[in-house]
Amino acid sequence: MTGTTSGSRLQLPRYLREDASLRTPVGFPDYKSTGLRAPLRTPVDLPHRLTEITGPVLGEDRVVQQDTDLTWRNGGEAVGQRILVHGRVLDSDGRPVPDALVEVWQANAAGRYRHVVDNWPAPLDPHFDGLGRVVTDSLGRYEFLTIKPGAYPWGNHHNAWRPAHIHFSLFGRAFTQRLVTQMYFPDDPLFGQDPIYNAIPAAARHRAISRFDLERTQDNWALAFQWDIVLRGTDQTPFETDDDGDVA
Amino acid sequence: MTYDPLDVPADPATPFQPRSGQRGSGFLTDPLRLGTTPSATVGPYLAIGLTWPDGQWAAAEGTEGGIWIRGRVFDGAGDVVPDAMLETWQADPDGGFPSPEDPRGASSHPGFRGYARVQTIDPPGEFGIHTLKPGRVPDGEGGLQAPHIDVSVFARGLLDRVVTRIYFADEAEANAEDVVLQGLSADQRATLLATPTEDGYRFDVHLQGERETVFFAV
Ligand SMILES: [Fe+2]
């Protein structure tokens, strides 16, 4: 058998695309690094075919227990405000996305990343590496324990500071659902001067901000923030059999 | 009109259950239309969260027929981008996908991951993916697509991923029949063609400039 599977009447789901007025543009002039990197030509529409509606199976074998607790590394406890971050991964139809790999990374409480390029004069924490991973449960839920990241300066403009944030990377079921984003904290005074936050269209910015969750706050232990993540959903077109009737 | 992604039914009463082993479930409630979460750049520190020791092995080391696809990413000044990440997704040599979402059933190449994640770390700013050459895949319009690999490029300075496809310069006949390539000019097509090397292919990405790679809206 050599690569010629034919199925003339194969009908596949189509993943809905958010309106451009609510999506982050690839380039944004106030974010200087986009100047030489963001493509300048209009992208070509690629209708969803088999390659786009499938995606890799990545899950529990990528996650170990310590990946959901970032507050303990190298035999000691990270410094900072302990927080529980939790929420659900849904698609745009409101369906939970189970078994989805969620990868997170963040700065320490002082706003410093454990990365060779980050050398601003804030201390590293020997007990914090800033890496977490979790797989959503059958109802699409995730949660991890970490410390609240600090704000940090960067070179975009004079006295530029990034608001506190946690980087998130998500796989759904399909290539089309892939998402890399950043979660913010409520009422951050640095929002106004941050071009990465402000690149998000105003009407969608609230979607990037977590909610303080008093109910999940743990007495004498940790504050809690809730953030639900919405991936693209489908138009619910059912699969049709091909001529062979050979469909899983 | 905006949709609030937090405006969903309350959490179920049962606690979070990691590694439930269950897959899939029906609608949580009646269908809702939720606004999708906006993307953001991976930033300069993506290596902390997204480095996989086995990232380059879409096909495991030693797999018969394995090829290396190597290349670099260039910015609008022609400089090598030293902090990009590429992810690739593709069919196996028989045109099947190692994904439960493929309605035609299981891939005939057990163990083939079909997915790779690599970074362009300086020097020399080159990525390398070990994989199998993909087969042809139905295009849903009665024809077959030419062998291709879907590619996502992430980097500081890109607020969303950009998506392109690798095709193969030595598949002229299949390429001529490909529904995606047919919609492009000759110059555009040329930006998507990986060229044969000693142990596989070379494919460079040009984010901007005269040779700007064709990127796709998916
Ligand atoms: Fe960051």
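Predicted model: local features only at pLDDT ≥ 70, side-chain atom pairs only at ≥ 80, totals over all residues.
Let me begin with chain A, whose C-alpha trace spans about 65 × 40 × 35 Å along its principal axes. In this chain there are two helices and 14 strands, and of its 248 residues, 59% count as buried. If we take the contacts in chain A between residues at least 6 apart in sequence, 73% of them join residues at least 24 apart.

Chain B has three helices and twelve strands, and 55% of its 218 residues count as buried. For the contacts in chain B with a separation of 6 or more, residues 24 or more positions apart account for 67%.

Is Asp91(A) buried or exposed? Its relative accessibility is 0%, and because the cut-off for buried is under 20%, Asp91(A) counts as buried. The side chain of Asp91(A) makes a polar contact with the side chain of Arg173(A), at 3.4 Å. Leaving aside residues up to four places away in sequence, Asp91(A) touches a set of residues that includes Val97(A), Gln177(A), Val230(A), Leu231(A), Arg232(A) and Gly233(A), and also Leu34(B) from chain B.

The other residue is Thr176(A), and its place is in the loop between strand E10, residues 165–170, and strand E11 of chain A. Thr176(A) has a relative accessible area of 2%, and therefore it too falls under the 20% limit and is buried. Which residues does Thr176(A) touch, not counting those up to four places away in sequence? They are Tyr15(A), His48(A), Glu52(A) and Arg232(A), together with Arg161(B) of chain B. As for Glu143(A), which is 33 residues from Thr176(A) along the chain, the C-alpha atoms of the two are separated by 24 Å.

Let me turn to the pockets, where we meet Arg161(B) again. The largest pocket holds about 840 Å³ of space and is lined by 40 residues, of which Arg23(A), Thr24(A), Val26(A), Asp160(B) and Arg161(B) lie nearest its centre. Which elements each supply at least two residues of this lining? From chain A they are strand E11 (179–184) and strand E14 (229–231), and from chain B they are strand E7 (149–155), strand E8 (162–168) and strand E12 (216–217). By class, the lining of the largest pocket has 24 nonpolar, eight polar and eight charged residues.

The second largest pocket has a volume of about 520 Å³. Its lining comprises 31 residues, and those nearest its centre are Val117(A), Pro44(B), Tyr45(B), Asp83(B) and Arg156(B). Two or more lining residues come from strand E8 (152–154) of chain A and from helix H1 (46–50) of chain B, and E8(A) gives the most, with three residues. Sorted by class, this second lining has 15 nonpolar, eleven polar and five charged residues.

Finally, the cavities: how many of 30 Å³ or more are there in the model? The count comes to three, and the largest cavity contains about 90 Å³ of space. Of the 13 residues that line the largest cavity, the closest to its centre are Pro56(A), Phe171(A), Ala174(A), Phe175(A) and Arg178(A). That lining divides into six nonpolar, three polar and four charged residues.

Notes. Residues numbered from 1 in each chain as written. Chains lettered and ligands numbered in written order. Heavy atoms only, no water. 1 Å grid on protein atoms, 1.4 Å probe; cavity = no way out; pocket = protein on both sides within 12 Å on 5 of 7 lines; lining within 4 Å. Points joined across faces, edges and corners; volume = space filled by probe spheres on them. Helix = DSSP H or I, 4+ residues; strand = E, 2+ residues; numbered from the N terminus. Nonpolar A, V, L, I, M, F, W, Y, C, P; charged D, E, K, R; others polar. Buried < 20%, exposed > 50% of the residue type's maximum accessible area, 1.4 Å probe, protein only. Polar contact = N/O pair within 3.5 Å; in protein donor to acceptor, adjacent residues only side chain to side chain. Contact = heavy atoms within 4.5 Å.
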